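Look over the fold below before reading on.

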Amino acid sequence: MDQSFLLMLSNLLHLQNSLDPTTSLLSDSLSSPTSASAASSSSSSPTSLLTSSSAAPLLFFTIASVLSYIASSRPSPAKSSANPPPSSSAGKSAAAASDYSVSAFRALSTEHIWSLEAPLRDAQWRSMYGLSYPVFTTVVEKLKPYIALSNLSLPSDYAVAMVLSRLSHGWSAKTVAARYSLEPYLVSKITNMVTRLLATKLYPEFIKIPVSRRRLIETTQAFEELTSLPNMCGAIDGSPIKLHKLPHDQNLSGNYKCRYGYHSVQLQVVADHKRIFWDVCVKAPGGTDDAAHFRDSLLYNRLTSGDIVWDKAISVRGHPVRPYIVGDWCYPMMPFLLTPFSPSGMGTPAQNLFDGMLMKGRSVVVDAIGLLKGRWKILQDLNVGLNHAPQTIVACCVLHNLCQIAKEPEPELWKEPDENGGPPRVLDSEKSYYYFGESLRQAMAEDLHQRLSSR
């Protein structure tokens, strides 16, 4: 018993003594030896309290018994100090880990998710994984057969959710590992597997060149409504994807420094009027200019070899105009890739008008890249190994298309500095393309100026 209980018991004894002197336990023992023997005989048996002429002894005995039980059941101070409660930081980390456990995810995806209204449900899902619940389930269903072949110990939807949280928030493998109570190497392994599947298995389904007549007509008509230029079917641009870590080979490190001063790999995309990518290429270090990257791409080879056949041809002032894409002055001038006359606006009125409309069409790819980096924040500072950088970038482009097709809410655009490069040198192998494209561009500029001036 502790001292506080003994003091309480003593006070009760004195209180009982004053209420019922016939059963004195303490005061009479202090007065005379003869009474002490009687008191001791009385106190030796609890029944003496029950035979008292007053109810006070019985009340005292009941209270004392209860207090004695409570005192004996209380933990001792030594035991309490030997087992201190966990610190608040440890408690928070444990709670955070439980929020990302398999059981917590299963409760969220199978029970809690259906108790919410669809807008609230999808908003919560986007805040965690970058896309709504229906789009998430689409990704999982398409990847599940391939993930099952890997003998992964984690559920497929849980693994996909973990990777999407990393791509959308830009977390490192260590951060994700701490949240999900996994080893960093396992997080990296799962990330590499999911991004590889997205970049290979889902790419052909969601990133397609518009060769079907229905899609081609829809795309060219939308661009014509935007720019008044006929038969435009896409806009091309490049963007450096910043690397979190420098390449291990210091001799190659300089090749990765982009025009903005940081180390990166080069992304090239072609987007349509809906800001959906229909071609993606990641083949060059950040120090490569847009023209060189384009010339090394599969798209360039297919366009120059005639592998891509667009049947929708029109005539503009006697010039056959097949579907074409537009880019800025950093790209080579070709009949299937039209660029502005002058970056400084020093051309004729017809040429300046054409340049303004062409750049208006090009703006869709600038916005598409801004959406891509705004939605998948890992592309703002790519914290994966250099060998896995291309597949991670392409995987984010596939996810971007899924979100655009599903009309997901668009995040704030990621802004990049304006282009400041000059026009590329005309290669000997491209001279015929250049001269044909130049005459075609001039005819289209004069036709555009005439049509808009007559309105």
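Predicted model: local features only at pLDDT ≥ 70, side-chain atom pairs only at ≥ 80, totals over all residues.

Residues are numbered from 1 along each chain as its sequence is written, and side-chain values use heavy atoms, leaving out hydrogens and water.

The protein has 21 helices and seven strands. Both are DSSP runs numbered from the N terminus: helices are H or I with at least four residues, strands E with at least two. Of the 455 residues, 44% are buried (under 20% relative accessible area with a 1.4 Å probe, protein chains only). Contact means heavy atoms within 4.5 Å. Among contacts between residues at least 6 apart in sequence, 69% join residues at least 24 apart.

Five strands form an open sheet in the order 3-2-1-6-7, with mixed pairing; two strands pair if DSSP finds at least two bridges between them. Strand 3 and strand 7 (337-338) stand at the edges with a single partner strand each, so one side of each has no neighbour in the sheet.

Take the strand 3 end. Strand 2 (residues 264-271) runs antiparallel to strand 3, joined by six bridges. Gln266 has Ala284 in strand 3 as its bridge partner. The two strands form a hairpin with five residues between them, and Arg275 in the turn has a positive phi of about 60°. Is strand 3 largely enclosed or open? Seven of the nine residues of strand 3 (residues 277-285) are buried, so the rest of the structure largely encloses this strand.

At the other end, strand 6 (residues 324-326) and strand 7 pair in the parallel sense over two bridges. Val326 is bridged to Leu338 in strand 7.

Helices pack on this sheet. Helix 19 (residues 349-375) lies across strands 1 (232-242), 2, 3, 6 and 7, at about 45° to strand 1. Helix 20 (residues 389-405) touches strand 1, strand 2 and strand 3, and its direction makes about 165° with that of strand 3. Axes are lines fitted to C-alpha atoms, for helices over the stretch in contact, and angles run from 0 to 180 degrees between N-to-C directions.

Last, a helix pair. The axes of helix 10 (residues 133-148) and helix 11 (residues 156-169) come within 9 Å and cross at roughly 120°. The contact residues divide into eight nonpolar, one polar and two charged (Ala, Val, Leu, Ile, Met, Phe, Trp, Tyr, Cys and Pro count as nonpolar, Asp, Glu, Lys and Arg as charged, the others, Gly among them, as polar).

Key: Buried < 20%, exposed > 50% of the residue type's maximum accessible area, 1.4 Å probe, protein only.
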